[in-house]
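Work through the exercises below with the sequence and the coordinates at hand. Each task is followed by a solution in steps.

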Amino acid sequence: MLPKVGSSSLLEEGKESSVRTTNQSHRPFPLRILQFLLLLLGLGILVSFLSMYASRHLKLQNDVPVIHSSFQPCVEEPLSLRSWIRPPANLLHKMNDTELFWRASFAPKIKKYPFKRMPKIAFMFLAKGNLPLAPLWERFFKGNEKLYSIYVHSLPSYQPDFQSSSVFYGRHIPSQAVEWGRMSMCDAERRLLANALLDISNEWFVLLSEACIPLQSFSIVYRYISRSRSSFMGAFDEPGPYGRGRYNRNMSPLVNLTDWRKGSQWFEVNRKLAVDVVADTTYYPTFEQFCRPSCYVDEHYFPTMLSIKSPHLLANRSLTWVDWSRGGAHPATFGKADLTAEFFKKISEGQPCLYNNQPTSVCFLFARKIAPSALDHLLENSSKFFGY
């Protein structure tokens, strides 16, 4: 028989049960508040950290200019000497002329190189398209790979097709259209010089055309140029209509009539003068504005500028033989029938000139203009004519 339970005891039990339930429901409340406060504190710290980072980042941007560059550093050799002196593996860079000339104008102030340097001659070909006399040049260069480098500037539309075994393979630089007698001609020549200057081993720079041939063996050419105390650029004060007659008085006072010089477009300069040509921003605007046909800027800009800046470094003659005796705006072109042993003997034994202030009969190392049709004849007789 179940015990009798009174209503008063049931009431007391209900009260105790209610109190227990109430206490259980209110017990976790302080813990939730603590968790919420900790969450707010964490968010506050995170916001403060982000604010400090953003403020510091903006300050750095205000203090130091942000530079965006496509330059890809050398991962294998960071900041090594080799990474500075190694020539570009690919000549087809993406620099515009302003960037290229700025980069090429770097010149070390310490003349003693901290590495073994073999000075080279940079042969720079300014051509419209192909190089029809390339096989003769291939024979000239053979066996002297450490002593020369080659650069070719052709019209942008020209697509070179040299075999991978050719010395001209991959030697075309980024080019632009060239107009005869205009500043674009000098731009192309400066472009060739600038690309060649990127190779620290290039010490001498020879400008040639697709119609040029070498008159001497490579060893003679290298010895002649490397031992010369002067660079070979004509810079004459010609009083006639084709000299002083082309001078524009608006060039004064930067360039006076007494400074005005004329010379052959085909030159050889050393590294110091090549940097001067590429880095020039003083004379270039004046010549671009005031020397236009019938003032042919490629005959006056470099001779005049370098005569003002470094006259003591110029031999005042060209190494490239050319014949103007037939008259006209262009020199004579020579074909197979013209190119005999007697023809080349006249060139080599012509009027003497000065070499390092001493008279010599070896005045020309190259000749133009040679017709493409004469190539086979020259290859058959190159040993007899030129010694290579």
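**Exercise 1.** Are phenylalanine 334 and phenylalanine 343 buried or exposed?

The model is predicted, so local features need pLDDT of at least 70, side-chain atom pairs count only at pLDDT 80 or more, and totals for chains, interfaces and linings use all residues. Residues are numbered from 1 along each chain as its sequence is written, and side-chain values use heavy atoms, with hydrogens and water left out.

Solution. With buried defined as under 20% relative accessible area, exposed as over 50% and partly exposed as in between (1.4 Å probe, protein chains only), both phenylalanine 334 and phenylalanine 343 are buried.

**Exercise 2.** Classify the ring pair of phenylalanine 334 and phenylalanine 343.

Solution. Rings of Phe, Tyr and Trp (its six-membered ring) pair if their centres lie within 6.5 Å, and planes under 30 degrees apart count as stacked, over 60 as edge-to-face and the rest as tilted. Here the centres are 5.0 Å apart and the planes stand at 55°, so the pair is tilted.

**Exercise 3.** Which cysteine is joined to cysteine 291 by a disulfide?

Solution. A disulfide is a pair of cysteine sulfur atoms within 2.5 Å, and the sulfur atoms of cysteine 291 and cysteine 295 meet this rule at 2.0 Å. The link of these two residues, cysteine 291 and cysteine 295, has -80° about the S-S bond and is left-handed. Cysteine 291 is buried at a relative accessible area of 4%, and cysteine 295 is buried at 3%.

**Exercise 4.** What is the handedness of the disulfide of cysteine 353 and cysteine 363?

Solution. The two residues are joined with an S to S distance of 2.2 Å, and the torsion about the S-S bond is about -110°, so the disulfide is left-handed.
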